[in-house]
Structure formats: structure tokens, C-alpha cells
Amino acid sequence: MTEPGGRVEFCDPVSSLHRHIDADRYDELYVVGDVHGCLDELRRLWAAMGPTEDDLVVFVGDLVRKGPASRAVVEFVRDRDNATTVRGNNEAKLLNGEVSRPELDPVREYIEDAPVALSWDGGLVVHGGVDPTRPLTSHSAEDLLETRSIPAGNGYDGPFWFEQYEGPPRVFFGHTVLGEPIDTTWAVGLDTGCVYGGSLTALATRAGEWFSVDATRTHQQRADRKIVDPTV
Ligand SMILES: [Mn+2]
């Protein structure tokens, strides 16, 4: 079963950074929020989900930075045939040279190969979000990586794109740190701030089953005003 809505299309150059999958090839599609190097929490979440080789686990990006084990988290995802990731804004910062992390050089090729968008019929995984006032075909890679507030901006003041968006497709996203996951008809927000002492969250999209593990410890402090309590 796929979500309602047809195939997701982007225009060049984003179309070359878009991976479309046939959802019918998988028994279950899991989507996981921002990991940010939290390897211990990732291991516990993975054990709780127990994905089989016939499932696919899709990460929303931001595997790296801020937490203690960025390289090992990338290797964890890379080395599993039933796991894949889209690119997050923190991976983009590595690729564009905005930040330098030589210890990630051994996994740079995998990060470079990660698409900015991954979709199946009716479903779309991106790191940031989409602008509900514009068609997907007008979105840049940067839009998909960083959209948070609409009108555009990167702030935590809102209003947020996911409060206004009415699909299709149903969009699964991270990037905006949430006090609780967002689970609406058209938007599923999964970044529950693991690296900030929150939790690491996943959704089994078919079963509608949520998985969450509490952070082992707080790796970075974060102002409360930069954690969104969903109102949708
Ligand atoms: Mn993030």
C-alpha cells in the first residue's frame, strides 16, 4: 500500500538529487529523525524497531555533527542494505566546505551520494520541508534542506511550513526540533532533539507504529525557544 497521491517530480538540478523508490518492494518503510552522531541511541532504536531485510529504514539526514560519534553513525547506515539516508543541512555544510571535519573523510563519499529527496508514490522524505505556497517543481535543494518558517527564513518564530502544508505528498522531515513528533495527514516531523537530551524517534509508516528512545545524555544545550511544541 502506498500513500494517496502520485509520483513526486522535481526540476533540474534537484531531479538529479532525487531518488524514487518502489514502495511495494518493501514490507515496511521506517523513517528516522536527526541522529547527530548519537550512536548509542541509534543502536537502541534500531533494536526496538527490529527491521528485517525486506524493510527499508530511511533517515531524514543530519546523521553528523553536534554529537559524539558522527563517523560511526554514518558507517552504521552505510553498512546496512536495509538503511539509507537523505542529506541534511549539516551534511551539506560538510560538502560545501562551510565546516571542516577531517575525521569524516572516510565516509565523505557516502555523504556525497546521499540524495536530497527520497520519495515513493505519495510519500516524500526531505530534511527541512517544503514551501506550501509553491509547487515542488520550483524548489531548490536548499529549500528542501532548510525550509522551516513560511514566509521563508530559517527562524524558530514560525509560522511553520508544516502548519500550512496540505499535500500530497505526505512529507517526512527533520531539521526543526520538536518537543513531540508531528503526525498529521500531510506532515510527519521526526526530530525530537536527541542530541539536545530529547529522544530519537522513528515511525513505521505502514503500521503507523512509533518508536522512541530517550537520549543517554545531553550532548548540546539548546534554548527552549528553539524547540517547537507542535500545535498541529
Ligand atoms: Mn538537525
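This report covers the sheet, then a helix, then the core.

The model is predicted. Its open sheet holds 6 strands in the order S1-S5-S6-S7-S9-S8, and the pairing is mixed. Strands S1 (18-20) and S8 (182-183) stand at the edges; each has a single partner strand, so one side of each lacks a neighbour in the sheet.

| Pair | Sense | Bridges |
|---|---|---|
| S1 and S5 | parallel | 3 bridges |
| S5 and S6 | antiparallel | 4 bridges |
| S8 and S9 | antiparallel | 2 bridges |

Individual residues mark these pairs. Arg19 has Leu118 in S5 as its bridge partner. Ala117 is bridged to Val126 in S6. Asp183 stands opposite Val188 in S9.

Strand S5 (residues 117-120) is covered on both faces. Ala117 and Ser119 are buried on one side, Leu118 and Trp120 on the other. In a regular strand, side chains alternate between the two faces of the sheet. S5 and S6 form a hairpin with 2 residues between them. Gly122, in the turn, has a positive phi of about 90°.

Next comes helix H2 (residues 70-78). Its buried residues are Ser70, Val73, Val74 and Val77. They lie on the same side of H2, because they cover an arc of only 100° around the axis. These buried residues pack against helix H1 (39-49), strand S3 (56-59), strand S4 (83-85) and helix H4 (108-113).

The largest nonpolar core has 61 residues. Val31, Val32, Val58, Val60, Val125 and Val126 touch the most other members. Leaving aside neighbours within four places in sequence, Val125 is in contact with Val31, Val58, Val60, Val86, Leu118 and Phe172.

Key
Residues numbered from 1 in each chain as written. Predicted model: local features only at pLDDT ≥ 70, side-chain atom pairs only at ≥ 80, totals over all residues. Pairing = 2+ DSSP bridges. Buried ≥ 20, exposed ≤ 12 C-beta atoms within 10 Å, placed from the backbone. Arc of directions from axis to C-beta. Contact = placed C-beta atoms within 7 Å. Core = buried A, V, L, I, M, F, W, Y, C linked by C-beta atoms within 7 Å.
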